[in-house]
Amino acid sequence: MKLLNVGLVLKREEDIQHAEVAYDVIEERGDGATTYAILSHRWERNSEVAYEEMIGLMKMEERKRDEVRHRSGYQKIIKTCQQARKDGYEWLWIDTCCIDKRSSAELSEAINSMYQWYQGAKVCYAYLNDVEQPTFPTKYNKEMYGKSYGWPEWFMRGWTLQELIAPRQIGFFNRDWAPIGNKRHLAPVLAAITRIPCDVLRDGLTGKRLSVAQIMSWAADRKTTRVEDRAYSLMGLFEVNMPMVYGEGKKAFHRLQLEIIRTSGDQSIFAWDLWTARTGSVLADDPSDFGLYGGNIQKVKPDEFGDKLVEYIERFRLGNPQIIQLTNSWKISTNPFHRCRLARLKRRASALSQQLRTFTVSNAGIQVCLPIFPLPDSPYHFRVILACTYGIGRPVTIDLVFSGSSFDRIPSRYDYIDNTLKAYPELKTLHLTHNQDANEKRRKFTLDDKHASYHGFIWCSTYPHGSIGDTVTLSSVTNDLVLVVYANKDVRSCFAVGFGYHLGQGWVHIVCDEHLPTQEVEWAQFHRRVYGRMWHARAEHAQNMSKQQHSHLTRNTHFVKHAHLPRSIWAAKVVWGRWEEDNFNVMVDVEQCPGCCDGPWGMTTTLNDRGGLGMPGLMNTVYRPCSLNLDRWLAEVDECSGQSIEVSHDAS
């Protein structure tokens with residue numbers, strides 16, 4: 001650990017004109033017995049002083065030396081040294097100039113040790129360079145701190161989280177280096193700003209029963225300049241170490257979670273943003289995934305998990321037991337078999353308490369023992385109960401889909417209530433996917449919609465991805481859904497075609513709207529409304545698609561969805577091929593439909609041959625000539641759904 005010699009730094013500044021004098025202002029003091037102060041601050045772009053500049057200041061040309069000394073970062077070093085000397089400290093650590101960042105090994109050591117260094121300091125000086133008033137800001141002020149959510153920017157940066165928690169004593173200073181309070185007295189205000197409990201602010205993390213999700217939630221709104229620092233700045237809070245690999249991007253946070261899993265039995269690490277629209281890894285993408293609910297998630301002790309499991313089963317009547325109502329909030333089962341099942345499950349949970357806290361990480365996934373039960377919408381769709389609770393004590397659950405070798409995380413659905421959850425949970429050892437792309441499937445569809453324009457229906461918008469050209473790419477990892485909207489403003493009619501991916505199954509659906517939006521706000525509402533309808537029905541749409549089973553002999557089989565447009569003679573038609581044979585062409589067409597539709601929409605199948613339905617464009621793989629007699633001349637023309645062409649024969 002390199003430390004600034006406070007006395008020599010100030011002495012050198014006083015004798016700055018005597019360039020022939022050499023000062024060893026930074027020394028290696030890693031003995032653990034040195035008393036030192038430490039600085040916490042916001043880095044300012046192009047203003048900080050690096051290690052090599054600090055030790056080589058006196059060797060610089062006068063012009064360069066003056067430029068360094070006039071930087072705000074250098075003045076910050078001098079002011080911190082003056083405060084340290086005033087408080088009786090001989091040694092000081094500042095991250096800008098006490099780490100030789102030219103050495104990757106030294107940088108890695110410093111980042112891995114930084115929490116301990118802040119924890120070992122006698123006092124930490126927190127410099128808030130955007131606070132001008134002589135008192136600590138105790139109220140939200142968007143006008144003054146608009147760029148940092150209404151509070152000084154120091155509270156919004158990633159690295160300052162550990163710098164707030166680790167030191168026992170922190171003194172806050174404003175822009176002019178006037179003291180404006182300390183951590184112990186300001187703990188209630190700091191708790192309101194950061195959502196960190198007062199006892200953690202006053203006494204640190206030691207001895208606290210905090211969940212991984214809680215600690216992650218404190219970092220949810222914070223930002224770092226480098227993506228990797230979102231993870232590296234949290235290592236000390238979780239007491240883990242790992243090498244620095246700048247350039248790896250979000251993989252750093254993935255590695256951090258795996259390190260936490262290897263040293264902790266806390267299942268709340270899986271309890272992130274329970275409604276996120278993503279499928280795949282059970283690991284979060286970013287600390288912000290824990291922001292909405294993580295702060296209220298508590299760990300469950302191993303000897304209490306069996307009771308929590310039974311409470312969950314009773315609350316949702318898993319296994320569909322016969323019950324009687326004793327009070328407004330308490331029910332009891334009258335089925336003795338049900339009571340025996342609960343008792344056996346509780347005993348098994350107690351016997352497997354060690355396994356419930358043990359994780360094994362391998363290429364096959366994260367091996368963990370969890371209570372699991374199937375959900376009704378798919379034989380591959382399951383729900384597991386985690387050993388952590390939310391709010392008033394309700395166990396946290398996550399939904400999974402079995403991908404063949406491991407279980408992928410999928411967005412949770414809470415529309416399964418008492419009457420739909422029939423099965424008892426079983427304690428099983430599962431392999432959970434931790435590689436984001438391990439089971440990803442991508443489908444790229446070629447979209448042929450030019451024929452719809454012949455009837456005045458033109459592409460209007462795509463939601464939520466913006467323009468997509470003539471292709472639509474869907475990923476199973478994101479549980480994707482893309483809307484393509486078409487409209488005919490002359491007849492005031494529109495429809496949306498949805499391309500989706502759910503539980504490993506691609507699907508297509510059409511939604512027609514009664515009214516054509518006319519303003520930008522109405523279009524935005526239409527997009528959200530239709531997107532929401534399709535998103536919530538995606539399981540049904542995917543199941544309907546999977547029912548279309550056909551013989552291998554019908555290799556040209558195509559599927560057709562037909563939707564009548566309200567108050568019109570038009571119908572929207574979507575045709576697609578057999579995706580299992582890599583036929584990813586999709587045609588969108590509009591045809592006349594004078595009241596012949598059976599309901600708002602229907603589905604049928606057709607063979608792309610002479611006996612099948614007409615399908616122009618990319619779908620037209622069979623030649624269907626038509627004969628035309630032009631004044632005793634026989635001509636053959638191909639079938640077309642485009643605009644009419646008048647053909648005449650000049651007798652002359």
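This is a predicted model: local features need pLDDT of at least 70, side-chain atom pairs count only at pLDDT 80 or more; totals for chains, interfaces and linings use all residues.
**View 1. The whole chain, before zooming in.** The protein chain has 17 helices and 28 strands. It counts 652 residues, and buried ones make up 51% of them. Now think about contacts between residues with a separation of 6 or more: 64% of these in the protein chain come from residues 24 or more positions apart.

**View 2. Strand S20, wrapped up on both faces.** S20 covers residues 481-488, and eight of its eight residues are buried, so the strand is largely enclosed by the rest of the structure.

**View 3. The pairing partners of S20.** Strands of a sheet pair through backbone hydrogen bonds, and the pairing can be parallel or antiparallel. S20 pairs with S18 in the antiparallel sense, over five bridges. Look for Tyr463 in this view: its bridge partner in S20 is Leu483. S20 also pairs with S21, again antiparallel, over eight bridges. S20 and S21 make a hairpin, with four residues between them. Arg492 sits in that turn and has a positive phi of about 50°.

View 4. To describe a pair of aromatic rings, you give the distance of the centres and the angle of the planes. The model holds 19 aromatic pairs. In one of them, Phe457 and Phe495 have centres 5.9 Å apart and planes at 50°, which makes the pair tilted. Phe457 is in the loop between strand S17 (442-448) and strand S18 (458-463), while Phe495 is in strand S21 (residues 493-502), so this pair ties together parts that are 38 residues apart in sequence. The rings of Tyr486 and Phe495 are stacked, because their centres are 5.3 Å apart and their planes meet at 25°. How buried are these rings? Anything under 20% relative accessible area counts as buried. Phe457 has 1% relative accessibility, so it is buried. Phe495 is buried too, at 0%, and Tyr486 is buried at 1%.

View 5. Tyr125, Tyr127, Phe173 and Trp177 form one aromatic cluster. There's also a charge to spot: the charged end of Arg409 sits over the ring of Trp272, 4.2 Å from the ring's centre.

View 6. Zoom in on the S2 end: strand S1 (residues 2-5) and S2 run antiparallel and are joined by three bridges. Here Leu4 has Ile26 as its bridge partner in S2.

View 7. H4 itself (residues 72-86) has 15 residues and reaches 21 Å from its first C-alpha to its last, close to the 21 Å expected at 1.5 Å a residue. Buried residues in H4 include Gly73, Tyr74, Ile77, Ile78 and Cys81. Just after H4 comes Gly88, which takes a positive phi of about 90°.

**View 8. Ala423 in its loop.** Ala423 lies in the loop between strand S15 (407-410) and strand S16 (426-432). Ala423 has 25% relative accessibility, so it counts as partly exposed. Leu375 is 48 residues from Ala423 in sequence, and in space the two are 8.3 Å apart, C-alpha to C-alpha.

Notes. Residues are numbered from 1 along each chain as its sequence is written. Side-chain values use heavy atoms; hydrogens and water are left out. Helices (H or I, at least four residues) and strands (E, at least two) are DSSP runs, numbered from the N terminus. Buried means under 20% relative accessible area, exposed over 50%, partly exposed in between (1.4 Å probe, protein chains only). The expected span of a helix is 1.5 Å times one less than its number of residues. Rings of Phe, Tyr and Trp (its six-membered ring) pair if their centres lie within 6.5 Å; planes under 30 degrees apart count as stacked, over 60 as edge-to-face and the rest as tilted. A charge sits over a ring if NZ of Lys or CZ of Arg is within 6 Å of the ring centre and within 35 degrees of the ring normal. Two strands pair if DSSP finds at least two bridges between them. Contact means heavy atoms within 4.5 Å.
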